[in-house]
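I opened this one to check a few spots by eye and by number. My notes follow in the order I looked things up.

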Amino acid sequence: MPSALSIDDLRLQEQIDALAAISEAPPPVVTRVLFSEADLRGRLFVQELCRQAGLLLREDAIGNFFARWPGKEAQLAPIATGSHIDAIPNAGRYDGVVGVLGALEAIRALKQSGFEPRRTIELIIFTAEEPTRFGIGCVGSRVLSGALPPKRAATLVDADGQTLEQWRSKAGYAAQPLNSVRLASSHYAGFVELHIEQGPLLERENLPIGVVEKIAGPSTLRVQLTGVGGHAGAVLMPERHDALLAGAEIALAVEQAALNTGSADTVATTGVFRIEPGAVNSVPCRACLEIDLRDTQLSTRDAALQRVEKAVPEICRRRGIDFRVERLNVDAPVLCDPAMVSTILEVCREVKLPAKQMISRAYHDSLFMAQICPTTMIFIPCRGGVSHRPDEYSSPEQISNGVLVLAHTLARLSCVSSKRHDRERIGSLQPVIT
Ligand code: GLV
Ligand code: MN
Ligand code: MN
């Protein structure tokens with residue numbers, strides 16, 4: 001274990017603030033939707049920092065990028081860390097970013113201490129963890145892990161009808177085919193993601209660190225409704241087929257489906273509700289809803305999902321509305337790797353930071369990395385448990401604690417042997433950006 005690690009809180013905070021200023025909306029709001037001008041500038045900013053830290057960069061065909069610190073035994077499967085820098089509309093500055101810039105700081109601190117990793121350590125910045133553009137989250141890690149086949153990924157369409165293929169071309173990633181993104185399940189020896197908790201438990205219990213043992217399983221439905229529009233003054237009430245009202249009933253059924261499971265772990269949200277034509281004196285003829293439904297138990301989540309899918313036709317039939325329901329994603333919860341969880345708990349004991357094991361109710365790229373390698377996450381508290389809002393906040397000290405634990409964890413993992421991964425490893429990828 002490297003003895004003295006010095007985390008430069010000031011430098012890290014400056015970099016977090018500088019990245020927050022790269023946004024589609026004025027401060028304190030951070031908005032960086034996938035492949036927007038702000039997202040592309042944010043990527044360049046982080047890539048430059050990685051370059052300055054002496055890391056080797058590579059980008060794949062979906063825009064995931066990899067910053068590598070070669071280990072002494074480069075033939076061994078690397079240990080990976082990382083997160084995302086895209087941000088939903090009206091977001092804050094820490095979600096994802098702490099796991100990217102914090103990981104970079106952890107690598108810099110390790111380098112500065114003179115530590116030399118045995119395995120390569122690789123920082124991954126994933127494309128589109130947030131579902132804003134395509135309605136489905138973790139697009140980069142889904143394709144990388146094989147959870148989303150390239151053919152299906154290529155057909156993802158945003159609200160303006162632009163496909164992922166079109167966006168890839170515009171952003172300059174289309175030179176390679178999407179099927180080059182997938183990595184073998186032997187590629188990494190492990191993955192650990194640093195992230196703000198996005199919930200209130202660590203703060204409430206006055207604990208600096210959470211170690212994630214399970215990640216809840218998310219699912220997303222898109223419901224498209226077509227009714228009959230018309231003049232708000234002239235169409236009489238008994239003759240109406242109002243798409244918004246059908247959508248409103250569906251949103252209430254979604255709430256009910258979550259409440260009815262009786263489990264506090266079931267959560268459901270209708271977070272998108274668009275109507276057309278959107279004029280005060282016109283009956284809404286079309287509505288599009290996107291529904292997010294999650295649970296830590298697969299069977300409970302699936303039962304609630306089926307309840308919603310059953311409610312849609314009942315409501316629409318009664319109101320004379322045409323409907324289309326699409327499952328955008330239906331993902332199982334994952335159990336994190338117990339050995340990695342123990343390693344992190346041990347590190348916490350050594351650096352004297354109290355920690356607890358916990359569940360992640362938010363999803364993360366870790367949900368998909370867990371499909372190809374042993375995975376877990378390190379959580380730090382955030383004020384009031386607030387996230388996905390401009391007032392999201394973790395203090396420099398809280399972030400520094402997380403970075404310290406991550407640095408020691410990477411140091412340890414980069415030295416342990418992993419028979420399965422090292423035997424199956426098929427060679428390392430070359431950096432392509434200089
Ligand atoms: C990730 O941002 C999530 O919605 O859980
Ligand atoms: Mn998020
Ligand atoms: Mn996140």
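Before the ligand, a reminder to myself: a polar contact is a pair of N or O atoms within 3.5 Å; within protein, one must be able to donate a hydrogen and the other to accept it, and residues adjacent in sequence count only if both atoms are side-chain atoms.

Ground rules next. This is a predicted model, where local features need pLDDT of at least 70 and side-chain atom pairs count only at pLDDT 80 or more, while totals for chains, interfaces and linings use all residues. Residues are numbered from 1 along each chain as its sequence is written, chains are lettered from A and ligands numbered from 1 in the order in which they are written, and side-chain values use heavy atoms, with hydrogens and water left out.

**Ligand 1**

I asked which residues surround ligand 1. I found Glu129, Glu130, Arg294, Ala362, Tyr363 and His388, where near means that a heavy atom of the residue lies within 4 Å. I sorted that shell into two nonpolar, one polar and three charged residues. For this sorting, Ala, Val, Leu, Ile, Met, Phe, Trp, Tyr, Cys and Pro count as nonpolar, Asp, Glu, Lys and Arg as charged, and the others, Gly among them, as polar.

Then I went through the oxygen atoms of the ligand. An N or O atom in the side chain of Glu130 is 3.0 Å from an oxygen of ligand 1. Arg294 puts a polar side-chain atom 2.7 Å from a ligand oxygen. Tyr363 uses its backbone instead, with an N or O atom 2.8 Å from an oxygen of ligand 1. Taken alone, ligand 1 exposes 190 Å², and the protein buries 92% of that. Those areas come from the Shrake-Rupley method with a 1.4 Å probe; for residues, only the protein chains shown count as cover.

**Two helices**

Helices here are DSSP runs (H or I, at least four residues) and strands are too (E, at least two), numbered from the N terminus. Buried means under 20% relative accessible area, exposed over 50%, and partly exposed in between (1.4 Å probe, protein chains only).

I started with α1, residues 9-20. Its buried residues are Leu12, Gln13, Gln15, Ile16, Leu19 and Ala20. They sit on the same side of α1, because they cover an arc of only 160° around the axis; the arc is that of the directions from the helix axis to the C-beta atoms. Leu10 and Glu14 are exposed on the other side of α1.

Next came α8, residues 243-260. I checked its length: its 18 residues should span 26 Å at 1.5 Å a residue, and the end C-alpha atoms are 25 Å apart, which agrees. The expected span is 1.5 Å times one less than the number of residues. Buried on α8 are Ala243, Ala246, Gly247, Ile250, Val254, Ala257 and Ala258. Their arc is only 115° around the axis, so they share the same side of α8. The face turned away from that buried side carries exposed Leu252 and Leu259.

**Loops**

Ala159 is in the loop between α5 (150-154) and α6 (164-171), and Ala159 is exposed at 62% relative accessible area.

Last, I looked at Ser36, in the loop between β1 (30-32) and α2 (37-52). Ser36 is buried at 9%, and a polar atom of its side chain lies 2.7 Å from the backbone oxygen of Val33.
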